[in-house]
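Work through the exercises below with the sequence and the model at hand. Each task is followed by its solution.

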Amino acid sequence: MKMGGGDDGRRRAGCRSPNRARSAATTKLERFAAARQALADARARGRTGRAAGAPGGARSPRQVGGRGCVRRHHRHARLPPCLPPVQALLALRGLLPRAPRLLANSFSLSLALQACAASAAAALPSKTAAAPTLGPSLHARALKSGFAAADLFVRTALVEMYAKAGLAELARAAFDEARRRDVFLCNVMLAAYVSRGDVAEARKVFDGMRDKDLVSWNTMIHGYAMSGDVGMAREIFDGTTDRDAFSWSSMISAYAKGRRSKEALELWREMRVARVVPDCITMVSVLSACGDMGALAIGAEVHQFVEGNRVEVDVKLGTALVDMYAKCGDIEKSLIVFRAMPVKDVLTWSSMIIGLANHGLGHDALSLFSEMISEGLQPNEITFIGVLIACTHVGLVSEGKKFLSSMSNVHGVAPRIEHYGCMVDLLGRAGHVEEAMELIRSMPFEPDAVIWRALLGACRIHKNVETAEEAMARLRVLDPLADGHYVLLSNIYAQANSWEGVAEMRKTIRRENIQRVPGRSSIEWENTVHEFVSGDRSHPRFGEIYKMLEEMMDRLRQAGYRPMTSLVLQDIDEQSKTQALAEHSEKLAIAFGLLTTPARSTLRITKNLRACENCHSAIKLISLLYDRKLVVRDRNRFHHFSEGKCSCKDYW
């Protein structure tokens with residue numbers, strides 16, 4: 001057996017002969033030069049399509065804002081792996097005193113500048129970050145050699161280097177000094193502004209560009225989307241002729257994050273018609289919109305696409321599926337997806353715990369929390385929100401106290417005001433109103449409107465007028481225009497037969513011009529979400545819907561239903577109050593569901609406000625009379641109605 005002799009031995013030892021090493025280095029340089037020349041030719045001809053690697057590279061916000069055009073082209077050239085940027089810079093800094101001609105050409109200089117940019121972007125510890133000290137000296141060399149003025153590659157690398165270091169002013173100065181600018185250079189400047197959230201300056205650069213490619217348009221869509229300006233994002237999107245998956249994904253994500261879920265789902269349908277293949281980011285945004293709207297069929301359609309196309313379900317996509325099914329009322333399917341995920345993070349567990357809690361399955365949620373701890377995962381603030389909600393919906397007061405205490409004592413998670421709000425809600429709903437008040441006085445935060453609203457809700461359940469008036473006094477300071485406070489207090493007065501109080505609330509609403517938030521309920525049918533507001537007559541089938549509503553109300557009255565007209569705050573006669581209650585949005589949605597769906601099928605309704613006592617009572621009876629299961633999601637929780645009963649046991 002040969003040991004180490006000759007070329008064969010050197011290869012086994014991982015070494016190369018000097019001639020072979022020089023040959024490999026020459027080959028690598030030639031390939032770099034060829035790639036650079038190809039991109040230079042593309043720039044000269046104005047080619048900016050996918051063949052040049054620029055628009056096709058715009059697949060995600062990180063790529064749009066993070067990769068220079070030269071480096072993207074080098075990647076597509078499939079070059080051999082190089083040293084990490086910082087190591088390369090350290091080596092360069094050590095070699096320059098002995099070999100000053102290392103940077104004697106624009107090619108090597110632009111590569112060194114790109115390494116500086118990559119080093120700055122990596123945000124490495126200062127002891128290894130060579131870019132801050134070497135960058136200015138490279139800039140000086142570029143100016144002295146004339147490459148900064150004559151070579152667009154060097155100019156683009158300079159702008160990117162300063163942008164990645166967070167020095168937008170210097171990046172802009174280098175950009176302004178350019179005698180000529182092409183689309184690649186402008187895109188780097190666009191991305192620099194967008195990455196720091198300065199969309200207004202990015203727009204100025206965008207408007208001044210003579211030529212724009214898909215990267216330019218996508219960068220602006222993404223910039224406006226991230227800044228929350230959905231209208232401007234849509235304006236840019238509509239002006240983009242050659243859209244790719246990133247264009248659609250950015251726009252759908254903007255709608256989903258802005259809670260404009262209906263528009264997000266409409267755009268999703270347009271994307272599918274356009275035969276654009278969605279990526280995982282798109283599907284996560286669509287699933288978020290489905291969860292918000294309660295669009296179970298559309299969410300299931302996305303899931304079928306994932307399975308049919310063998311899309312890898314990573315943690316983020318899997319968590320989005322878990323969350324969507326839970327929010328759309330199919331908690332069983334949510335659990336199936338959860339159990340099938342091979343890898344779960346704390347957000348996955350938290351989403352499942354919150355889903356179970358909101359469906360009233362508090363004991364199941366707490367069992368899952370114990371399972372999570374046993375698997376060695378560290379819970380976070382969101383996890384404990386779910387745990388405390390679980391305790392609230394099943395009235396586990398002592399357990400809730402233990403969990404709140406264990407947050408900091410056991411798990412090192414500092415309770416936030418949201419956790420105290422859950423605890424106030426738990427104590428209040430369980431009848432411990434005075435203890436809830438003591439907790440508010442002693443907690444280490446100034447109580448906000450959410451805290452006082454939770455206490456006011458507890459007073460409604462337990463008819464505590466005195467504490468309700470104190471909570472209302474605080475709410476009129478913290479959130480004076482929210483109509484729900486006045487409605488709750490009026491209901492409390494009505495329960496206590498304090499009609500003077502009810503009259504005073506009506507006067508206050510009129511005097512202070514409090515605008516009622518309209519109740520909205522939606523139901524999905526044939527992959528379309530149908531939305532209703534109270535007294536709505538805008539639906540194309542409103543005649544049939546109101547005929548079904550009349551039949552439904554007749555059957556309810558015959559079964560003993562009596563409308564709770566005391567809940568109506570408008571100063572109108574009894575007959576008008578009865579009619580107003582009959583036309584609440586959830587009753588219209590149910591009438592539409594009874595009209596359009598097969599007998600005995602489950603109806604799923606989503607409402608933006610808390611379900612009122614009158615509708616809650618009516619829906620229980622509807623489930624019995626029509627032999628239907630109804631899953632209703634209101635602002636507080638899910639209600640599963642079946643055989644005349646509700647899963648909340650009238651505890652909501």
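Angles under 35 degrees count as roughly parallel, over 145 as roughly antiparallel, 65 to 115 as roughly perpendicular and the rest as oblique. This is a predicted model, in which local features need pLDDT of at least 70 and side-chain atom pairs pLDDT 80 or more, while totals for chains, interfaces and linings use all residues. Residues are numbered from 1 along each chain as its sequence is written, and side-chain values use heavy atoms, with hydrogens and water left out.

**Exercise 1.** Classify the packing of helices α23 and α25.

Step 1. Helices are DSSP runs (H or I, at least four residues), numbered from the N terminus. Here α23 covers residues 381-394 and α25 covers residues 417-429.

Step 2. Axes are lines fitted to C-alpha atoms over the stretch in contact, and angles run from 0 to 180 degrees between N-to-C directions. The angle is about 5° and the axes are 9 Å apart.

Step 3. The two helices, α23 and α25, are therefore roughly parallel to each other.

Step 4. Contact means heavy atoms within 4.5 Å. Among the residues making it are Phe-384 and Leu-388 of α23, and Met-423 and Leu-426 of α25.

**Exercise 2.** Is Thr-319 buried or exposed, and which residues does Thr-319 contact beyond four places in sequence?

Step 1. Locate Thr-319 in helix α19, residues 315-327.

Step 2. Buried means under 20% relative accessible area, exposed over 50%, partly exposed in between (1.4 Å probe, protein chains only). Thr-319 has 7%, so Thr-319 is buried.

Step 3. With neighbours within four places in sequence left aside, Thr-319 touches Met-341, Asp-345, Leu-347, Thr-348 and Ser-351.

**Exercise 3.** How many residues of α15 are buried?

Step 1. Helix α15 spans residues 245-257.

Step 2. Of its 13 residues, 12 are buried, including Trp-248 and Tyr-255.

Step 3. Just after α15, Arg-259 has a positive phi of about 60°.

Note on methods
Expected span 1.5 Å × (residues − 1).
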